[in-house]
Amino acid sequence: MPEGDTVWQAARRLHTALAGQVLTRSDLRVPRYATADLTGRAVLDVTPRGKHLLTRVEGGLTLHSHLRMDGSWKVYAPGERWRGGPSHQIRVILGTAERTAVGYRLPVLELLRTEDEDRAVGHLGPDLLGPDWDPATALANLRREPERPLGEALLDQRNLAGIGNIYKNELCFLLRATPWLPVGALPAEHAAQLPVLAKKLLEANRERPARNTTGRRDPSMFVYGRAPRPCLRCGTSIRAANQGDGSRERPTYWCPVCQSGPAPAPGSHR
């Protein structure tokens, strides 16, 4: 599941493959940009911004993409077989003499002026893995809606950019709060830890091929995906339920003993 660390890794792969190279192939398979041609332009850099990717090219243009749940970027050497999915799932191809980057199942793909990047990412809060990271601003953003459930507030990229559903679960466990606890009810000492722990989790995983929050080989997660197995702190069975407005499933895991705060009614979780 793409989260801030996954997007950071994708940006690094793309930057290593494309930056400083002239594009010899450009194919944007989105109707709006079907006639756009970037060939002959050098790629300047590929920068992550939260869960967004910004590929900047000569001439003041930026290709903005977002992976959401299923999107991915793959990089191939000349003659290498493409294995990212069937051809009808390809949304963009950027090729140089040495590498070809292929974007599969990208739900967001737009070409914009680099000076207009704020149209795509200007709404984001401080990036946990970016140069703009500011823990005080991130915490202040979260506290703007004190009645909002902590889990929902953490997923709101306007507060801080980079946390997805997995880190939401793991961070709430480390803060000893259920994801349904109102942000304003989070004890002051835990609130102060929140930005530090969030950054620590993503930084620890941005270089890893497999995400790990426990520091152990098994289990690699404290609560995410572990229901009904025992809590690593107290041995109580981990619970699971969905959190959100129902528009999409966000499986949420917590320990009913170690984490304080409200939780769904017993019949609504497993």
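## A salt bridge to start with

At 47% relative accessibility, Arg158 counts as partly exposed. Its partner in a salt bridge is Asp156, with N and O 2.7 Å apart, and Asp156 is buried, its relative accessible area being 10%. Keep in mind as you look around that this is a predicted model.

## Other salt bridges

The structure holds 11 salt bridges. One of them joins Arg211 to Asp5, with the closest N and O atoms 3.0 Å apart. This pair links distant parts of the chain: Arg211 sits in the loop between helix 6 and strand 9 (239-242), while Asp5 is in helix 1, 206 residues apart. Both Arg211 and Asp5 are buried.

Asp27 and Arg29 form a salt bridge too, their closest N and O atoms being 2.9 Å apart. Here Asp27 is partly exposed at 22% relative accessible area, and Arg29 is partly exposed at 35%.

## Helix 5 and its neighbours

Helix 5 (residues 165-174) is mostly covered, with nine of its 10 residues buried. Among them are Ile166, Tyr167, Leu171 and Phe173. The buried residues pack against helix 1, helix 4 (150-155), helix 6 (188-205) and strand 10 (251-254). Just after helix 5, Arg176 takes a positive phi of about 60°.

## The second largest pocket

This pocket has a volume of about 200 Å³. Of its 12 lining residues, the closest to the centre are Thr6, Arg13, Gly71, Ser72 and Lys74. Helix 1 (4-18) and strand 5 (72-76) are the elements that give two or more residues to the lining. By type, the lining divides into six nonpolar, four polar and two charged residues.

Technical notes
Residues numbered from 1 in each chain as written. Predicted model: local features only at pLDDT ≥ 70, side-chain atom pairs only at ≥ 80, totals over all residues. Heavy atoms only, no water. 1 Å grid on protein atoms, 1.4 Å probe; cavity = no way out; pocket = protein on both sides within 12 Å on 5 of 7 lines; lining within 4 Å. Points joined across faces, edges and corners; volume = space filled by probe spheres on them. Helix = DSSP H or I, 4+ residues; strand = E, 2+ residues; numbered from the N terminus. Nonpolar A, V, L, I, M, F, W, Y, C, P; charged D, E, K, R; others polar. Buried < 20%, exposed > 50% of the residue type's maximum accessible area, 1.4 Å probe, protein only. Contact = heavy atoms within 4.5 Å. Salt bridge = Lys/Arg side-chain N within 4 Å of Asp/Glu carboxyl O.
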